[in-house]
Amino acid sequence: MRSSVFVTSWWSNCLGLICLHRLQAFAPEREIYVMQAGKSEVQMERFRKFLPKSVKELLYPPHILADDSAMREYLAKDALRNYEGVWFFDHDTFLLTPAEHWFEMADNCFSNSDVCLCTRSPLPGCGITQPAYWLSPLRWPEGLSSFDPVPFTPKVYARRPDLHRHEGDLTIPLKDTMVQVREELETMNMTCTFPVDGEDGTHHFLSSFPQHIHIGGLHLYTVATQPRTDMPSAFFDWRRYILMSFDAFFQNCPREWLELEDPELLRRHTEMMQTLEMDS
């Protein structure tokens, strides 16, 4: 088995480019794919000009929902259905050290198992798709639930976040993307985990995930510039953290890549940064 790596580049061109270039540098033996979403045709074409030459792009059918869960399910069950194993990387996960040996180790473990889904450890109220997860389309059983969160409401802004914005709260589903289907696979003994961020690896199937940075929080830019004052203090702490993380990210982005970034995303970032003093 030689698992491929797949990245979905949603909205931000800079995040996806850095993720892909780091993968090419630190996992040079892997077959790497990308799919774009949440962008105009102009933005997608700009992105393609700076893709590593070895990266192959798949196009997302426009008739399918643009929500993250729908895209992941389409890839696993349709576009990549004949693949023995695929690592799905978040576009804001950046490898920091060579990782080819770790990928080879993981493939050896998967080859000698019945596992068809490997994620970080599930935590109450948290997602399992970050910073990456492994899935075997060939081993995927029939009749399982969808990848959608529970409950699920399609997001109008997912297809073009530069054109649509919502004023509602950021809500946490009872079960995030793929959590329900993972629970079903767990009863079939077809799941496993890997440790991240210095976790004790004693009870995990794989060794610790390669050293990396995971920014997260891009969806913050789909909500109102100034949040309601009655939001809990934890929300404002998280909001400040995300804004400061992206501020550092944009400042350190290569200039030629920053020129490819969605201007509306950059505008909203600047606008939100100006509100931080009002949050305190």
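**Labels and their grounds**

Author: The model is predicted. Glu-100 is a place to begin; this residue lies in helix α4, which spans residues 100-111.

Reader: Why is Glu-100 called buried?

Author: Its relative accessible area is 11%. Buried means under 20%, so Glu-100 is buried.

Reader: Which residues is Glu-100 in contact with, leaving aside its neighbours within four places in sequence?

Author: Arg-2, Phe-26, Ala-27, Pro-28, Glu-29 and Arg-30 are in contact with Glu-100 on that count. For Glu-29, the backbone nitrogen lies 3.1 Å from a polar atom of the Glu-100 side chain.

Reader: How do you know that Cys-14 is in no disulfide?

Author: A search of the whole structure finds 0 disulfides. For Cys-14, the nearest cysteine sulfur is that of Cys-253, 3.6 Å away. A disulfide needs two cysteine sulfur atoms within 2.5 Å, so Cys-14 is in no disulfide.

Reader: And what is the case for Cys-109?

Author: Cys-109 is in no disulfide either; the nearest cysteine sulfur belongs to Cys-192 and is 8.4 Å away. The cut-off is again 2.5 Å.

Reader: What makes Cys-14 buried and Cys-109 partly exposed?

Author: Cys-14 has a relative accessibility of 0%, and buried means under 20%, so Cys-14 counts as buried. Cys-109 has a relative accessible area of 24%.

Reader: Where is Thr-129, and why does Thr-129 count as buried?

Author: Thr-129 is in the loop between β6 (117-119) and β7 (132-135). Its relative accessibility is 4%, and the limit for buried is under 20%, so Thr-129 counts as buried. Leaving aside neighbours within four places in sequence, Thr-129 is in contact with Arg-72, Asp-90, Thr-177 and Met-178.

Reader: What makes the approach of Thr-129 to Gln-130 a polar contact?

Author: The two side chains make the contact at 3.4 Å. A polar contact is a pair of N or O atoms within 3.5 Å, and residues adjacent in sequence count only if both atoms are side-chain atoms.

How values were computed: Residues are numbered from 1 along each chain as its sequence is written. This is a predicted model: local features need pLDDT of at least 70, side-chain atom pairs count only at pLDDT 80 or more; totals for chains, interfaces and linings use all residues. Side-chain values use heavy atoms; hydrogens and water are left out. Helices (H or I, at least four residues) and strands (E, at least two) are DSSP runs, numbered from the N terminus. Buried means under 20% relative accessible area, exposed over 50%, partly exposed in between (1.4 Å probe, protein chains only). A polar contact is a pair of N or O atoms within 3.5 Å; within protein, one must be able to donate a hydrogen and the other to accept it, and residues adjacent in sequence count only if both atoms are side-chain atoms. Contact means heavy atoms within 4.5 Å.
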